Structure formats: C-alpha cells, structure tokens
Amino acid sequence: MKYILVTGGVISGIGKGIIASSIGTILKSCGLRVTAIKIDPYINIDAGTFSPYEHGEVFVLNDGGEVDLDLGNYERFLDINLYKDNNITTGKIYQHVINKERRGDYLGKTVQVVPHITDAVQEWVMTQAMVPVDGHKEEPQICVIELGGTIGDIEGMPFVEAFRQFQFKAKKENFCNIHVSLVPQPSATGEQKTKPTQNSVRALRGLGLSPDLIVCRSSTPIEMAVKEKISMFCHVNPEQVICIHDVSSTYRVPVLLEEQGIVKYFKERLDLPIGDSASNLLFKWRNMADRYERLQKTCSIALVGKYTKLRDCYASVFKALEHSALAINHKLNLMYIDSIDLEQTTETEDPVKFHEAWQKLCKADGVLVPGGFGIRGTLGKLQAISWARAKKIPFLGVCLGMQLAVIEFARNCLNLKGADSTEFEPNACVPVVIDMPEHNPGNLGGTMRLGIRRTVFKTENSILSKFLRSLMNILYETNLNNVGLLLLVENELKRLENTYVFMGVLSAFTIVDSIILLLVMRQAGETDREVTVLYQVNPSLISQLEQNDLSFVGQDVDGQRMEIIELANHPYFVGVQFHPEFSSRPMKPSPPYLGLLLAATGSLHAYLQQGCKLSSSDRYSDASDDSFSEPRIAELEIS
C-alpha cells in the first residue's frame, strides 16, 4: 500500500480537496486502484449536525455516513463509493480511544495523546485504506489522505504527529507528502510573493514532515523565477514545485498536474508499476476540460434555497447541474435566489431585493428547489414552485423541495388551505407531510433515514421510467455479445413484470449501469438507493392527490413512502424524496438533473424520442451543438 498525504498551509480552503482528488484521478488513469481518506480535526463526530454555512454541504455516502463535502469531490473525480470511516474526525478518534479505555483495553495505563491517540489515527488509516471502494472487491493500491485545516492549527497537531511517526512505519518508498500552499499576488505591487510558502514549509518541517511536492496555488500562472525561488528556499528540486493557478473549471486541474510531470515523479518516488504518462481516462478529462471552455449556449437555472450566501452549501447540486449541462453541450448559468427574498415581507422591507429576486426567477429556463430544514424561507419556495407549475417552467424538487411541491399542489389545486407539514405545524389541519416512523426528534445526530434504499416505479408512463426503458434498449444494442449479462437482465425484467427499479443516487452509475449493479447487489442481499429523510408524504392522502394529476410514480418497496412525483400536462415537474445529486459524475450525469436540463433547453422530447442518447463520454466534440440528430450512445462501463 502506498500513502500520499496532502497537507495545506497559509490559509484554509486553498483547494486541497481538488488537488487530492486530481492526484487520485491521475493515478487511477494509470491503472491503479485508488481510495481516499479525509481527516477533519474538529471534535464533532461527523458533519451531520453542521449548519451549511460552517463547512458547506453535508455529503451523504451510500452507507448513510454524513461527511465533509471533500468526500463528494473524491467520489465524483474517482468514480468510487466511499464509507463513513473514510472521514476521520477528532471526535471519532477520541470516542474510539475513550471507549477502549472504558473497556479496560489499556490495562490501567495512563491514556495520552502520544501514543494512544496517534496510534489510533495510524491504525484507522491503515485499516480503512484496505477497504475496496470501486465495486471490484479488490484492495486499493494507493490511499490519498487529505489533512484538513492548515499546518500550525492546534487542533491538527495530533494528526501531524501521527503521520510523522507513520512515515517511518510505512517506509519512505511507500509514503509521500504533498504540501499545498498559497502564493499571493498583492494588487498594490502585482508581484507574486513566496514568503508565506517558505514559512509554511518551515513550519511543516519543524513538525517532522518534509514535503516531497509543493503545490503552489495562485490567481495567475506562476513565473519561472518564482518557482525557482520556492525551490531554493524550500529545499526541493524545481520539478518538485507544481504550479496550479485559478482556472475556469476544476476539470482542468488533473490536466495541469499531469503536464508538469507528476506521473513520472510518482513512478520514481513510490516505485509504482506504471508508465510515464496517464492513459485514456485522463485523455477524456482533457477533452472534457477543452469542451467546457468552448461551450457557447447557456442554460439558466434558478436555485431557490435558504443557504445561498455560500456556494459550497449546494456543492453537489451545482455539480450535478453542471454535469448535466455539459452532457447536452450547454454552459450552466446557476442563479442563486434566497427564498426569503421572494416573500411578501421582503417586498415591504426591501422592495429592490424583492423585485431583483423575482426578476431572476422569471428569467430562468428551469427552477430547482433543493433540500433543507426548518420553516424559514418555505413561503418563498412555495411561491417559486407555484410559479413554475402555473407557467409550465421545468421544475425539480429534491427532498424538502418535493414535499413543498406536494403541499403547494394540495393548497392551490385541491383547495386544501390547511395543507402543511408537521415539521412546520405539528397540529396541521391537513398534514400532507408527516414525520417518518424512525425519526427521533429528541436527538439531532444520525436520526434520519440515511443510506442506500430501493425505489420502485409503479407505471411505465413517467418521464424517469422512460429514461430507464430507453436506456435498457441501449444496453441490449451495445452488449449483444454478452449473453450472460443479457440473460440476467431479461430474467430480472420478467421478475419485475411491470415494476421498474430506479436507483435514487445511482451509486455513480447511469440508469443502465444501475440495472447491472442492481443484479449484483441483490445477490449480495443489499439495497439500492440512498436517501436523507426526516419527513414523508402522508400515505392517506395519495389517492386524493393522484385523482388530480399529481402522480406518485415511485415508491419504496413497501409502497408506504412516496419517493418520486410527476405532474401530468407539464413539460417537466418532478420531485424526488432522495438526493440524486450525490451520485452525479462528470461523465455520468444524474438522470433527474439531466431531465431538468433537457426540459429547460427544450430537448427532452427529442432525447426521449431518440432513445436517451447522449454524446459519447469518450468523444467530446468541440462544437456547442445541442441537437440529437446523430445516433450518439453514451458509453457503458460494464465489467
């Protein structure tokens, strides 16, 4: 096992997560099996109780783990499925050590930071690094570890000490340290400054770690003289100084790293069984980055939420929309609208902000209402949903967004003025949305219905169901020589008869791939979809709602929890109780989000008519052409 530790200096939020993800992508493109671990020095057990304004969104894994958003970057870049133990926090480590002490595992010894906490960190890393994450059940060969925060933070000191010891345990040929630092460029002089990086590297060395590579982040490309100065004062060769400036898309970062010889360096430094350059996978990334920068047509989506002041609060939603826009050759224009700004109180208090918000909404080609908690801002979301429904603007509601869509429909189409959620009004006259049975309102952490679940389609006529059926045809067309696979799929469809299985988060696969994964997972006795839910649509009202064209086309396997809604006689009015954004990948967009973008660009009908065919993910065209006139079939990765 080879370990690559990524540390950061000068400031937090410098881009360690993208650097770590990009390094993993490059190594995976060389044919290596890669996993990733994120260390967060905060004392929280996990990220589940954080406000999004603290560290951005809470990313949810297939096993129900609520983790830092950087694990979302790892999954998207590497196309892997991580586990909650791939996110280490100070809280987890201390809880683990204290539990051992209470059991008497330390045999009466004094429990200290060194060696007990540092040993626990090392054991956790070595154990989790061996867990397969790519679906092939083979142990990874490379583990990329990102240490959160910056060097010198007091809360991160035990982890730095742990890796100071670990480098000797793992041996030099198996351990590599990459330090990410900032090279600021003050506007007063325009000169790139190296002193912050020098000080950061000096602090790292003082703690016992010497960087093998120094990745310098900057707003503009770093000059050769600056690179040589960093090399001289930080005691590394010039080729060990990697320069990553701000780029238009994060898809460009792996390409920049590869162009600076990082593959050759890792091959020699870690004695890796690879060539001197990356393979076809990185070629796809290069094409994707080139294509992204050449897109001309734009699609505007209004995101109506309550955490719009920080972009990272909806990081996965943004990425899912971006992946879908790229798949149909459009550049995404995501307009963040604070839902409170759409409410009447804002019109009274700040008319300018109110009219600006509604102007944005009216300009949008599509509307998205994401998940959230609490009553604040829900009135504005309801008004946005009502506007999208009445004006026939493509709409996607996720989790709370779906629940509010049902409430809006009940109030305005069924004239049930008392329709509400028990989350907002415990004694609602018409409780359209109610608590889930497993919800424990007394505790906050780990009380939601989390992780992979299965959703079952009850009709063939829904839009998302058509996605599935059309893509199944592609599966047959492209795998006619795989007799065993086709027999499995045929038997599965016979068993399901008129019930179609849709995997909510798709576990990094397209719907076609999800059918294959479904077969494998069923043999292992596992379930098939990921959710993060506290409340659900009241089953007793389903019949009344469906009689008025709001169809609950997807349910759980027991038929009790409503998972997918679609409105008849509307271009695209879809709500999903789960979070499909967590499974979207750059070359495998999430179907509900893809449907929204297709409808927003007026391409959904043609897409369905021509068999759900997208541009091949390994042949990105340079033109910005959103037509579906050519028979272009999306690449299927079936092993």
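Which residue follows α1 with a positive phi? Gly31 does, with phi near 95°. Before I go on, some ground rules. This is a predicted model, numbered from 1 along each chain as its sequence is written, and local features need pLDDT of at least 70, side-chain atom pairs pLDDT 80 or more, while totals for chains, interfaces and linings use all residues. Side-chain values use heavy atoms, with hydrogens and water left out.

Back to α1. Helices here are DSSP runs of H or I, at least four residues, and strands are runs of E, at least two, numbered from the N terminus. Helix α1 covers residues 16-29, 14 residues in total. From first C-alpha to last it reaches 20 Å, close to the 20 Å expected at 1.5 Å a residue. That expected span is 1.5 Å times one less than the number of residues. In α1, 13 of the 14 residues are buried. Buried means under 20% relative accessible area, exposed over 50%, and partly exposed in between, with a 1.4 Å probe and protein chains only.

Next, α6, residues 157-170. This helix also has 14 residues and reaches 20 Å. Its buried residues include Phe159, Phe163 and Phe166. An α-helix has 3.6 residues a turn, so residues three or four places apart point the same way. Just after α6, Lys171 takes a positive phi of about 80°.

Now the second largest pocket. Its volume is about 1100 Å³. Of its 41 lining residues, the closest to the centre are Gly13, Gly15, Ile18, Leu69 and Asp312. A pocket, on a 1 Å grid over the protein atoms alone, is an open set of points with protein on both sides within 12 Å along at least five of seven lines, and lining residues have an atom within 4 Å of a point. α1 supplies at least two residues of that lining, and so does α12 (315-327). Why does the pocket lie between domain 1 and domain 2? Because domain 1 (2-291) and domain 2 (297-464 + 526-610) both give residues to the lining. Those bounds come from an automatic or database domain assignment.

Ser583 sits in the loop between β23 (573-576) and α21 (591-600). Ser583 is buried, at 3% relative accessible area. A polar atom of its side chain lies 3.1 Å from the backbone oxygen of Pro580.

Gln544 is in helix α20, residues 542-546. Gln544 is partly exposed, at 34%. Its C-alpha is 9.3 Å from that of Ala410, 134 residues apart along the chain.

Key
A polar contact is a pair of N or O atoms within 3.5 Å; within protein, one must be able to donate a hydrogen and the other to accept it, and residues adjacent in sequence count only if both atoms are side-chain atoms. On a 1 Å grid over the protein atoms alone, a cavity is a set of points where a 1.4 Å probe fits but cannot get out, and a pocket is an open set with protein on both sides within 12 Å along at least five of seven lines; lining residues have an atom within 4 Å of a point. Grid points are joined across faces, edges and corners, and a volume is the space filled by probe spheres set on the points.
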